[in-house]
Each structure stands twice: as structure tokens, then as C-alpha cells.
Amino acid sequence: ATPAKTSNLARAFEGRRGQCRRLPDEDADVVLDELVDSYFATCHEQSQRFRPDVDVLRQRFRDADRETVLNWLVQACDVMGYSDSVLLSTVGLLDRYCAAAAPPPGRRMQTVLLAVLCTALKAVAVQDEVLGHGGNRPLRDQLWHLGQHQVPAEDVLRAERQVLQVLQFDVTGPCPLEFLDALSAPLASPARPADGSPPRYLANFLLQLSMFDAEMYYRYPHAVLAAGALDVALCSLRAAPQVRQCLVEDV
């Protein structure tokens with residue numbers, strides 16, 4: 001049998017074996033070359049399984065209403081200091097819910113949105129990300145603040161249970177940012193992590209813009225969407241052609 005082709009991403013991690021600086025967080029990356037390709041393939045399969053039907057989503061969740069909700073969500077995550085992973089995961093969970101069970105009318109939508117955000121915080125965020133700018137405030141208090149002191153935490157938790165039932169408790173699928181982080185890894189160096197590179201910053205911005213267009217955001221696999229955003233970023237920053245070629249080969 002022909003051996004599987006090793007990706008440029010795996011080779012990038014393999015190349016770091018000679019750069020160990022006895023810093024645990026950095027040195028842990030050198031063993032990822034044997035795992036990254038299978039992990040990337042598994043994430044792609046999970047992402048495809050969780051991707052909502054965009055035609056159904058747009059029928060049930062009008063574009064104008066969805067844009068209003070996402071605008072609020074972006075501002076809320078910024079004010080509270082939640083990570084971009086929390087933002088994009090919340091969008092994915094909300095869209096899956098609305099495609100499966102039409103979004104509720106009026107004020108009830110605010111409760112559902114807080115419920116989905118609550119799930120995303122608990123499912124994908126580490127503790128310091130959950131706290132964000134909220135310091136040591138419990139999650140219940142943060143939800144009370146986000147609801148402008150009008151949505152009781154008990155209502156949010158009841159709505160969260162309903163959301164989880166609709167989603168069949170499958171809430172840990174990868175978001176586009178995870179693909180972007182993986183594809184950006186070859187751009188990193190010991191002196192500059194991938195998430196601090198200009199191409200990754202610009203690509204993240206483009207991903208967040210794309211989520212406002214449901215047709216674009218879900219018409220393509222999220223691995224392809226992340227690669228497209230990174231390719232545009234590399235092109236805009238006049239990266240070397242071979243860097244863009246390696247990206248295309250890995251996707």
C-alpha cells in the first residue's frame with residue numbers, strides 16, 4: 001500500500017524538534033507531527049456532520065433577524081472579554097438550533113441566545129476565558145448582566161436544557177477558528193506564536209465577517225472556509241507563493 005502523504009503542517013511540527021527550549025508549552029508541539037493529520041481529518045468529519053442545512057436555516061431564521069442577533073453577540077463577547085472561539089462556537093450552536101427548531105419570537109429569542117452562549121462557554125472555554133472581563137463573577141451573574149437584569153438565570157437554564165435536547169447534546173463540534181489555528185501553525189516560530197502572526201489576525205477578521213452571510217458561511221466546509229480566509233490574508237500581505245501553495249496542498 002502507498003503510504004499516506006505527510007502534510008506540510010505535520011512537517012512544520014516535525015521541523016521544530018531541533019528547536020526545543022525546555023519550555024513545556026512550546027516543546028509539547030514537537031510531538032504533534034504524528035497526530036496532526038489524523039486530528040485535522042477527524043475535525044473535518046465532525047464539522048461536516050454538525051453543519052446545518054443553509055437553505056433550511058435561511059427559511060427559518062431570516063437574514064435580517066440573524067444579522068441583528070449576531071451584531072449583539074459580537075458586542076457582548078467583546079464587552080465581556082470572551083474569546084473568539086466562544087463567539088464562533090455560539091454562532092454555530094445557534095444556527096444549528098434555529099435550523100432544527102425555528103427561532104422563537106420576541107423576547108424569548110433573547111433567552112435562547114443567552115442559553116446557547118451559556119452552553120458554548122461551558123463546552124469550549126477554559127476557566128479564564130469564561131471569566132473574561134467579569135473577574136470572579138459566577139456565570140449566573142454574567143448571564144444576568146448580559147440579559148440587562150431582565151432575564152432570570154433560571155429561565156436561561158431551562159432554555160439551555162431545551163436547546164441541548166434539540167441538538168441531542170452534541171455541542172462540541174469544531175468551529176472554523178480551530179481549522180484556522182491548525183492551518184496557521186506553519187507560520188509560527190518560537191519567537192512568534194501562530195495566533196500572533198498578521199496573516200492569522202487578518203484571516204480571523206475575515207472569518208468573523210463571513211459568519212454574517214449564512215450562505216457563504218455554511219455553503220463550504222469550514223476547513224475550506226478557514227483556508228480561503230488565510231489564503232486571502234497571505235495574498236493581501238504578499239506572502240511568498242510557496243507559502244500559499246503549501247496551504248492549498250494541506251487542504
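**Helix packing and local features of the predicted model**

In the protein chain, residues 24 or more positions apart account for 73% of the contacts with a separation of 6 or more. The model is a predicted one. The protein chain has 15 helices and 0 strands. Of its 251 residues, 44% are buried.

Two packed helices are described by the angle between their axes and the distance between the axes. For helix α6 (residues 84-100) and helix α7 (residues 108-124), the axes come within 9 Å. They cross at roughly 130 degrees. The crossing of α6 past α7 is right-handed. On the α6 side, the contact involves S85, V86, S89, T90, L93, L94, Y97 and C98. These meet M109, V112, L113, V116, L117, T119, A120, L121 and V124 of α7. By class, the residues of this contact comprise 13 nonpolar, 4 polar and no charged. An α-helix has 3.6 residues a turn, so residues three or four places apart point the same way.

Helix α11 spans residues 176-184. It is largely enclosed by the rest of the structure, because 7 of its 9 residues are buried. The buried positions in α11 are P176, L177, F179, L180, A182, L183 and S184. Two of these, P176 and F179, are in contact with H222. Beyond its neighbours within four places in sequence, H222 also contacts S47 and Y217. H222 belongs to helix α14 (residues 222-236). Its relative accessibility is 7%, so H222 counts as buried, the cut-off being under 20%.

Backbone geometry was examined next. Most residues other than glycine have a negative phi. F169 is not a glycine, yet has a positive phi of about 60 degrees. F169 sits in the loop between α10 (153-166) and α11. With a relative accessible area of 54%, F169 is exposed, because the threshold is over 50%. R238 likewise is not a glycine and has a positive phi of about 60 degrees. The loop that holds R238 runs between α14 and α15 (241-250). R238 has a relative accessibility of 77% and therefore counts as exposed.

Terms used: Residues numbered from 1 in each chain as written. Predicted model: local features only at pLDDT ≥ 70, side-chain atom pairs only at ≥ 80, totals over all residues. Heavy atoms only, no water. Axes fitted to C-alpha atoms, helices over the stretch in contact; angles between N-to-C directions. Helix = DSSP H or I, 4+ residues; strand = E, 2+ residues; numbered from the N terminus. Left-handed = near helix turned anticlockwise from the far one by under 90°. Contact = heavy atoms within 4.5 Å. Nonpolar A, V, L, I, M, F, W, Y, C, P; charged D, E, K, R; others polar. Buried < 20%, exposed > 50% of the residue type's maximum accessible area, 1.4 Å probe, protein only.
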